[in-house]
Amino acid sequence: MSARDPGRLRERVTIERPTRTPDGAGGATIGWSVLATVRAEVISFKGVSLVAAEREEAREPFRVVIRHRGDVTTEMRVVWRGRVLDISSRHDPDGGRRWLVLDCEARP
């Protein structure tokens, strides 16, 4: 992965972070704000069908590769072509702080 071609970052994605807004009744409403819009390589994998609580649930996994950022967490999400992708894991593939790989799942 260290020899990744930057020319493969052909897509533009938006990384969003959750924001909590007090609702006036002691709770909070969760909204989303833009952390950054970056270039990325987006790789789609075949959808996986899981049986959860006796109902079938379709999940579509994606891998999003961006230039390394230290401020992206699994609480955030990626928006790509209008699709919301929840970040399930993040890792630096070679430890060189050049690339950040985000494993994501599209919301149904």
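Colleague: Why does aspartate 103 count as buried?
Modeller: Its relative accessibility is 17%. Buried means under 20% relative accessible area, exposed means over 50%, and partly exposed is in between (1.4 Å probe, protein chains only). The value of 17% falls under the 20% limit, so aspartate 103 is buried.

Colleague: What kind of model is this?
Modeller: This is a predicted model: local features need pLDDT of at least 70, side-chain atom pairs count only at pLDDT 80 or more, and totals for chains, interfaces and linings use all residues. Residues are numbered from 1 along each chain as its sequence is written, and side-chain values use heavy atoms, with hydrogens and water left out.

Colleague: What is the average pLDDT of the chain?
Modeller: The average is 88, and 85% of the residues score at least 70. pLDDT is the predictor's confidence in each residue, from 0 to 100. Strand S5 has the highest mean, at 98, and S3 the lowest, at 56. Strands here are DSSP runs of E, at least two residues long, numbered from the N terminus.

Colleague: What makes aspartate 103 and arginine 63 a salt bridge?
Modeller: Their closest N and O atoms are 2.8 Å apart. A salt bridge needs a side-chain nitrogen of Lys or Arg within 4 Å of a carboxyl oxygen of Asp or Glu. The pair meets that rule, so the name applies. Aspartate 103 lies in S7 and arginine 63 in S4, so parts 40 residues apart in sequence are tied together. Arginine 63 is partly exposed, at 28%.

Colleague: How many salt bridges does the rule give?
Modeller: Seven. One of them joins arginine 8 and glutamate 41, at 3.1 Å from N to O. Arginine 8 is in the segment before S1 and glutamate 41 is in strand S2, 33 residues apart. Arginine 8 is partly exposed at 40%, whereas glutamate 41 is buried at 9%. Another joins aspartate 71 and arginine 69, at 2.8 Å.

Colleague: Why is the pair of phenylalanine 62 and tryptophan 80 called edge-to-face?
Modeller: Look at both numbers. The ring centres are 5.6 Å apart and the planes stand at 65 degrees. Rings of Phe, Tyr and Trp (its six-membered ring) pair if their centres lie within 6.5 Å; planes under 30 degrees apart count as stacked, over 60 as edge-to-face, and the rest as tilted. The angle of 65 degrees is over 60, so the pair is edge-to-face. A search of the whole structure finds one aromatic pair. Phenylalanine 62 is buried at 2%, and tryptophan 80 is buried at 10%.

Colleague: In what sense do strand S5 and strand S6 pair?
Modeller: Antiparallel, over four bridges. Two strands pair if DSSP finds at least two bridges between them, so four is enough. One of the partners is valine 79 with valine 84 in S6. S5 and S6 form a hairpin with two residues between them, and arginine 81 in the turn has a positive phi of about 50 degrees. S6 also pairs with S7, antiparallel over six bridges.

Colleague: How many residues does the largest nonpolar core have?
Modeller: It has 19. Such a core is a set of buried Ala, Val, Leu, Ile, Met, Phe, Trp, Tyr and Cys residues joined through side-chain atoms within 4.5 Å. Val64, Ile66, Leu85, Leu102 and Cys104 have the most contacts inside it.

Colleague: Why does lysine 46 count as exposed?
Modeller: Its relative accessibility is 76%. That is over 50%, so lysine 46 is exposed. Lysine 46 sits in the loop between strands S2 and S3.
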